[in-house]
Structure formats: C-alpha cells, structure tokens
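This report looks at charged pairs, nonpolar cores and one annotated span in the model shown here.

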Amino acid sequence: MGKHILLLGPPGAGKGTQSKRLADEFDLEHVTTGDALRANKEMDISEMDTEYDTPGAYMDAGELVPDEVVNAIVEEALSSADGYVLDGYPRNLEQAEELSGMTDLDAVVYLSVDNDELVDRLTGRRVCPDCGASYHVEFEPPEESGVCDECGAELVQRDDDTEETVRERLRVYEENTAPVVEHYREEGILVEVDGEGTPDEVFEAIADVVDQ
C-alpha cells in the first residue's frame with residue numbers, strides 16, 4: 001500500500017517541483033487538481049444540478065469549477081491511486097473536511113517560506129511566448145539575459161507575476177488556506193518544513209517526514 005501524502009504551501013513555495021520528486025522517489029501518483037480537472041473535462045456532472053454539465057464547460061468559459069465538482073474529481077483520482085502525493089487541494093476548510101471523508105492521510109507537509117522570498121521567486125519568473133520555456137532571473141536564468149535558450153525569442157514577464165498581483169495572490173491564499181493549515185496542525189498531523197533551502201535540502205527534509 002503506497003503512502004498518502006498531502007503537500008501544502010503558498011504560491012512559489014515549490015510544491016509542484018517537490019511533489020513530482022516525491023512521487024518519483026516513493027513510486028506514488030502525483031495528483032494535482034489541475035491535472036485531475038483536465039483528465040476529467042468531459043465527466044458527466046449533470047446530476048449535480050450545476051450550471052454546466054461537464055467540468056470542461058466551466059474551464060472553457062474561464063469560470064471557477066464549483067467545489068462539489070472539484071471534490072468529486074479529486075475523489076475519483078485518489079480512489080484509483082495506490083499511493084499519492086496530493087498538491088493543490090484542499091484550498092479551503094470545506095474541501096479539507098471533504099478530503100477527510102475520502103481518504104486517510106499518512107503525512108501533511110507544509111512548506112514554510114517568508115512572504116518577501118515568495119515575492120522574489122514569483123516576480124523573477126520569465127517565460128518564452130513562443131515555445132513556453134520558463135526561466136527565473138536569479139535561480140534559473142537563460143544563457144543570454146532576456147533571450148530564450150530554446151528558440152531565441154525575447155522572454156516576457158506574465159501579467160500575474162508582477163509584484164502587485166503576486167502580493168494579492170498571497171493575500172487570497174492566506175485568507176483561504178491558512179485555516180486549512182491550522183486544521184491539520186490541530187489534528188496533530190502537520191509537519192512544517194523550511195522551504196527556503198536549496199531544492200535538494202527541502203526535498204531531503206520532506207523525504208525524512210515521509211519515511212517516518
């Protein structure tokens with residue numbers, strides 16, 4: 001039976017990177033809400049009495065998929081996984097309560113990173129508008145400043161990576177997800193890991209928690 005791991009942390013904390021490494025290291029499914037939604041875009045949700053009959057219709061309209069639909073999709077993804085690393089869910093207390101009815105968790109790891117560090121990480125991201133390659137001005141710069149290594153196009157900063165937008169994203173995260181962190185802390189299963197070390201140091205700390 002594989003481990004059931006939940007990874008929590010604010011935008012920019014490195015959840016995606018660390019989740020993939022954990023999944024590879026411990027032979028687990030990497031379950032993210034984004035991937036689960038994309039894999040189940042055509043799922044029939046007509047019995048839920050929602051505005052649209054499929055999750056894809058919400059996504060195509062640029063609207064948030066309702067919690068009840070996300071819950072059903074996550075439950076489906078977890079039920080077919082022997083072991084998993086869950087990343088990006090639950091986003092609020094209601095989803096956390098739903099999750100407790102779906103599955104038992106072996107470990108909940110929270111990546112703790114200072115807000116100013118998160119702003120530096122997120123505002124430093126640059127992307128290639130042509131081929132989609134991603135860089136960071138400090139942590140993963142291209143060989144030639146401002147130019148994509150892959151195709152030579154000029155790199156750009158996404159609108160949602162400006163400082164004003166990043167700080168608003170962090171505020172919304174704190175408002176919605178801080179209660180989730182406290183929920184697991186009160187349950188006694190939350191382990192806080194310093195997310196400000198190198199990716200290797202952070203991974204080793206998380207792996208130690210999972211191994212226990």
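## Salt bridges within helices

In this predicted model, the side chains of Arg38 and Asp35 meet in a salt bridge, with an N to O distance of 2.8 Å. Both residues belong to helix 2 and stand three residues apart, so about one helical turn separates them. Arg38 is exposed, at 52% relative accessibility, whereas Asp35 is partly exposed, at 39%.

In helix 6 (residues 115-123), Arg121 and Glu117 lie four residues apart, about one turn of the helix, and they form a salt bridge whose closest N and O atoms are 3.1 Å apart. Here Arg121 is buried, at 15% relative accessibility, while Glu117 is partly exposed, at 21%.

## A distant pair and a network

Asp60 and Lys41 also form a salt bridge, at 3.5 Å from N to O; this pair links distant parts of the chain, with Asp60 in helix 3 (residues 55-60) and Lys41 in the loop between helix 2 and helix 3, 19 residues apart. Salt bridges that share partners join Arg125, Arg158, Asp160, Asp161 and Arg169 into one network, and the total count of salt bridges is 14.

## Nonpolar cores

The largest nonpolar core has 31 residues, and those with the most contacts inside it are Leu6, Leu8, Leu78, Leu86, Leu99 and Tyr184. Helix 4 gives the most to this core, with seven residues. Another core, of 23 residues, lies apart from it and includes Leu7, Leu111, Val119 and Val166.

## Annotated span

An unreviewed UniProt entry places the feature "domain: Adenylate kinase active site lid" at residues 125-160. The end C-alpha atoms of this span lie 10 Å apart, and the span is 0% helix and 17% strand.

Definitions and conventions:
Residues numbered from 1 in each chain as written. Predicted model: local features only at pLDDT ≥ 70, side-chain atom pairs only at ≥ 80, totals over all residues. Heavy atoms only, no water. Core = buried A, V, L, I, M, F, W, Y, C linked by side-chain atoms within 4.5 Å. Buried < 20%, exposed > 50% of the residue type's maximum accessible area, 1.4 Å probe, protein only. Helix = DSSP H or I, 4+ residues; strand = E, 2+ residues; numbered from the N terminus. UniProt positions renumbered as here; feature names shortened; annotations may be inferred. Salt bridge = Lys/Arg side-chain N within 4 Å of Asp/Glu carboxyl O.
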